[in-house]
Amino acid sequence: MGQTSQVNLLFNVNGIVAVVTGGGSGLGLFMAQALAENGAKRVYILGRRKQVLDDAVGKIGLDCVIPLECDVTDRQNLRSAAAFIASDAAYIDLLVANSGIAGPSGNVAQGSSIAEIQETLFTIPMEDFTNTYHVNCTAVFYTTIAFLGLLDEGNKRSAYQGGRSQVIATSSIGSFNRKITAGFAYGTSKAATTMLMKILATYLVPYRIRANVLCPGLFPTDLTTTLIKDQNPAEEGSFPVEQIPAERAGQPEDIMGPLLYLASRAGAYCNGSCVITDGGRLSVTPATY
Ligand SMILES: NC(=O)c1ccc[n+]([C@@H]2O[C@H](COP(=O)([O-])OP(=O)(O)OC[C@H]3O[C@@H](n4cnc5c(N)ncnc54)[C@H](OP(=O)(O)O)[C@@H]3O)[C@@H](O)[C@H]2O)c1
């Protein structure tokens with residue numbers, strides 16, 4: 001790798017081939033847009049809803065963005081998506097395992113009695129609790145495994161980042177937050193995802209594939225509409241300093257920047273890293289971080 005301090009070279013993602021699951025909406029769409037608008041050769045966006053994916057392609061408006069219907073909880077779907085990309089691009093440099101769901105919420109008002117807590121939390125069907133783990137953690141594992149062959153090909157074929165392809169999972173500050181915000185299952189599923197990526201970073205060393213984690217704080221997306229209303233009914237987007245030191249929710253640039261950092265030469269030395277982008281929220285909440 002030649003030495004450079006130029007921003008346009010250091011943060012460059014020119015020519016990379018990327019897959020972003022959940023790339024049709026919210027944070028996935030912002031990340032797909034950042035890659036596409038900064039020279040990626042191909043950005044495959046995966047999700048279950050065709051219309052959402054097509055709309056995302058229209059929004060970004062660049063030919064390099066390719067929609068692929070795929071349910072990440074279905075191994076056959078994952079296999080088909082990987083097979084399509086193998087025939088279309090032959091390799092990938094970057095997998096962003098970003099698909100995720102929130103809940104089940106089971107919100108209990110402060111000061112509730114033990115009986116009220118039991119009543120609310122016990123009525124959540126166990127399947128709903130487990131489904132959050134299924135999408136947020138189990139599916140991240142199987143998504144990674146499905147694309148390992150293409151990431152390996154990426155290392156062989158591309159000079160990108162000096163030959164270290166990478167998987168990044170969108171986890172959450174929920175994996176460190178000891179306060180329940182999006183339900184018991186959400187935070188604990190994200191803690192599992194964060195740990196999964198650390199284990200994968202170690203496991204994949206012999207194969208020269210890196211694994212890193214993005215941990216966003218609160219960003220307005222479909223996933224957080226209710227959460228933001230509950231926490232701050234007064235003014236969407238603006239928060240008291242005791243809740244979010246930056247006094248605002250995350251904006252597209254707040255996830256695009258960290259993603260471009262990890263995806264480019266700038267972040268090429270990161271492996272097993274966790275990049276938190278939360279406006280300081282973990283600093284004002286009980287957390288394990
Ligand atoms: N917004 C935040 O404040 C925040 C904070 C921390 C972490 N996150 C994480 O960021 C990620 C993206 O969430 P978001 O906030 O951008 O919300 P979002 O707009 O609801 O995005 C979630 C995406 O995941 C996809 N998805 C869900 N289940 C799927 C499945 N079974 N197969 C394939 N795709 C699936 C959805 O597409 P389809 O429904 O079309 O399949 C959707 O595009 C999630 O992992 C979330 O936990 C968000």
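Predicted model: local features only at pLDDT ≥ 70, side-chain atom pairs only at ≥ 80, totals over all residues.
Student: Is Glu-242 buried or exposed?

Tutor: A residue counts as exposed over 50% relative accessible area. Glu-242 has 58%, so Glu-242 is exposed.

Student: What distance separates the C-alpha atoms of Glu-242 and Val-213?

Tutor: Along the chain, Glu-242 and Val-213 are 29 residues apart.

Student: Now to a helix. Is Thr-144 buried or exposed?

Tutor: Thr-144 is found in helix α6, which covers residues 126-157. Buried means under 20% relative accessible area. Thr-144 has 0%, so Thr-144 is buried.

Student: Which residue has its backbone oxygen 2.7 Å from a polar atom of the Thr-144 side chain?

Tutor: The side chain of Thr-144 brings a polar atom to this pair. A backbone oxygen lies 2.7 Å from that atom, and the oxygen belongs to Val-140.

Student: Leaving aside neighbours within four places in sequence, which residues is Thr-144 in contact with?

Tutor: Contact means heavy atoms within 4.5 Å. With those sequence neighbours set aside, the partners of Thr-144 are Leu-95, Val-167 and Leu-200.

Student: What about Leu-53: buried or exposed?

Tutor: Leu-53 has its place in helix α3, residues 50-60. Its relative accessibility is 2%, so Leu-53 counts as buried.

Student: How far apart in space are Leu-53 and Leu-94?

Tutor: The two residues are 41 apart in sequence. C-alpha to C-alpha, Leu-53 and Leu-94 are 19 Å apart.

Student: Now the whole protein. What radius of gyration does the protein have?

Tutor: The protein has 289 residues, so a compact globule would come near 19 Å. The value for the protein agrees with this: 19 Å.

Student: What share of the residues is buried?

Tutor: The count runs over the 289 residues in the protein. Buried residues make up 46%.

Student: Among contacts between residues at least 6 apart in sequence, what share joins residues at least 24 apart?

Tutor: Take the contacts in the protein between residues at least 6 apart. The share that joins residues at least 24 apart is 73%.

Terms used
Residues numbered from 1 in each chain as written. Heavy atoms only, no water. Rg over C-alpha atoms; globule rule 2.2 N^0.38 Å. Buried < 20%, exposed > 50% of the residue type's maximum accessible area, 1.4 Å probe, protein only. Helix = DSSP H or I, 4+ residues; strand = E, 2+ residues; numbered from the N terminus. Polar contact = N/O pair within 3.5 Å; in protein donor to acceptor, adjacent residues only side chain to side chain.
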